Amino acid sequence: MAAIEILGLEKTYMVGFWRKRPKRALQPLHLAVEDGEIFGFLGPNGAGKTTTLKMLMGLVFPTAGTARILGKEWTDPEVKAQIGFLPEQPYFYDYLTAHELLDYYGQLSGVPGKDRRVRVEEVLERVALTDIKGVQLRKFSKGMLQRVGIAQAILHKPKLVFFDEPMSGLDPLGRREVRDLMLQLQQEGTTVFFSTHILSDAETLCDRVAIIHQGELRGVGAVEELTGSVEGKIEVVWQGTQVPPSIKALGAECHVTGETVRGVISANQQDAAIDALRRERLRLIAITPLRTSLESYFVEKLQHSQTTAGTTA
Amino acid sequence: MNTRIYSIASNTFREAVRDRVLYNLIAFAGLLSGAAILVGQISIDIEKLVVINLGLTAVSLFGVVIAIFIGIGLVSKEIEKRTLYTVLSRPVRRWEFIVGKFFGLAGTLAVNTFCMAIGVFGALLYVAHRFAGADSLIFVALYFIVLQFLIICSLALLFSSFSSPLLSAVFAFSLYVIGSFADDLRGFATLAQGVTRWIATGTAYLVPNFSALNVISSVAHQQPISGQLILHNTLYALFYTAMALSGAVLIFDRRNLK
């Protein structure tokens, strides 16, 4: 079953002093996210990621289109009891302590009193805020607020969570913890839909990604598919500080990093490369099919759209 | 009241308390104590009248200022700070949010009024040394003041649902001033002619009639207040509040939270 089915959601804002000039924030979007997957929604700033998330949360009304979440109409209040949402750069009631805030959100999500107390303690521990649960949020750093944001999103054990730029404002350690948490959530059967423009996070975490740019979906697919092997190319890695002439003669594009050399050559030159390294008495470390990175795919999609726009103009 | 409305109302009340809104009570207590001592020394035979007038007017003004200045930010501040996102992404309907906020603010004002009422009775006891039967009329005046607060809270919420805090404050305060002269406006309407009459009559009935809810002077002069007036004022205030809240819900229900 698809956890999320977006069926032609689109958004046009009327801008200008008289609100008569239309500005399209999101072109009709069709997208399905399968149950239990980690789905990355990628795009540069202003691409339409947050608008899409806000529409799914009922914060912004679409101009047209509809969506189904967990098999029900996305406007159904029952749906909201089963989803969690972390907004971008979250801000909370700063006069409350972390414990009070989570208790309040638990009440709003309909978590019964006894369960709520247990759940609040559990999630505080999970995001490592137990020690400062009694401190008012106005004294929290940006990273700590992000943790509170994650805690409130998973407090009521939702089946589906939406994270808008969850790594924003976090240090490397914090980012790693969030990544681990997202993987844990997936293992627990929760579907994770998150928007980001940090491609390495998406590449590490996601089963599938969608790329959006200027309000239009540019591509969607499994990370392995999008970062598939480049036909006929392999990457040879060996220990050394120089590129032997016999390897250069094979037409290899080489990069020396410290004591390691990486060379990209045609797949049909593989045996010749191995022989050359053997003759030079260099230690072979790895031979792998060359893959495009998600970043290359992303940049290609964005450049393609800009070229198309330029041609049209 | 459903659980979500109760939770939102409690949180609104807690916000007011933690933001030290009720600290105004200290200023009120100081003002009233000073006035009671001063009046006791300079007035002859009218100490009670002055204390009741001054005390109830202060209760009303302090409450109106609090109602407007908290009320105008109740929705717009939540949108601006984006605290609303994590509330409305839960099974909370938009009307529940508005109604919860209203009850939270109304509760804050009720507690505020209760504390100030104790101050008024304290000052009265200081100048008169004992309570008289007619002093019970003060409760009616306080009840009407609370009714005024309900109307102002709902109007502040209505304006807050579509405009900035500054504009909301201007609108709400203007309506309070105009509404305080609603009886005069109605009098003017009967004297006016043509289009002016239509406009004056329309305005007089559209703005909240705060002059009917102001019985401070009558109470200070120990004039009785009819049960019919209490009933009319109650129904009027509840109807006006319900209308303003409905307007706030209708507007907020259609609002995109960018």
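How closely do the axes of helix H3 (residues 47-71) and helix H8 (residues 165-180) of chain B come, and at roughly what angle do they cross? The two axes come within 9 Å and cross at roughly 150°, the axes being lines fitted to C-alpha atoms, for helices over the stretch in contact, with angles that run from 0 to 180 degrees between N-to-C directions. H3(B) and H8(B) are therefore roughly antiparallel to each other, a label given to angles over 145 degrees. In the contact, H3(B) contributes Val64(B), Ile68(B) and Gly71(B), while H8(B) contributes Ala169(B), Ala172(B), Phe173(B) and Tyr176(B); two residues are in contact if their C-beta atoms, placed from the backbone, lie within 7 Å. These residues divide into 6 nonpolar, 1 polar and no charged, where Ala, Val, Leu, Ile, Met, Phe, Trp, Tyr, Cys and Pro count as nonpolar, Asp, Glu, Lys and Arg as charged, and the others, Gly among them, as polar.

This is a predicted model, in which local features need pLDDT of at least 70 and side-chain atom pairs count only at pLDDT 80 or more, whereas totals for chains, interfaces and linings use all residues. Residues are numbered from 1 along each chain as its sequence is written, and chains are lettered from A and ligands numbered from 1 in the order in which they are written.

The C-alpha trace of chain B spans about 60 × 55 × 30 Å along its principal axes. Of contacts in chain B between residues at least 6 apart in sequence, 85% join residues at least 24 apart, and 41% of its 258 residues count as buried, that is, with 20 or more other C-beta atoms within 10 Å of their own, these atoms being placed from the backbone.

Chain B also meets chain A, with 22 residues of chain B in contact with 23 residues of chain A. Helix H1 (3-18) and helix H5 (85-88) of chain B each supply at least two residues of the side that touches chain A, and H1(B) gives the most, with 6 residues. The residues on this side of chain B divide into 6 nonpolar, 7 polar and 9 charged.

In chain A, helix H1 (residues 49-56) is mostly covered, with 8 of its 8 residues buried, among them Lys49(A), Leu53(A) and Met55(A). H1(A) is followed by Gly58(A), whose phi is positive, near 80°.

Technical notes:
A residue is buried if 20 or more other C-beta atoms lie within 10 Å of its own, exposed if 12 or fewer, and partly exposed in between; C-beta atoms are placed from the backbone. Helices (H or I, at least four residues) and strands (E, at least two) are DSSP runs, numbered from the N terminus. Angles under 35 degrees count as roughly parallel, over 145 as roughly antiparallel, 65 to 115 as roughly perpendicular and the rest as oblique.
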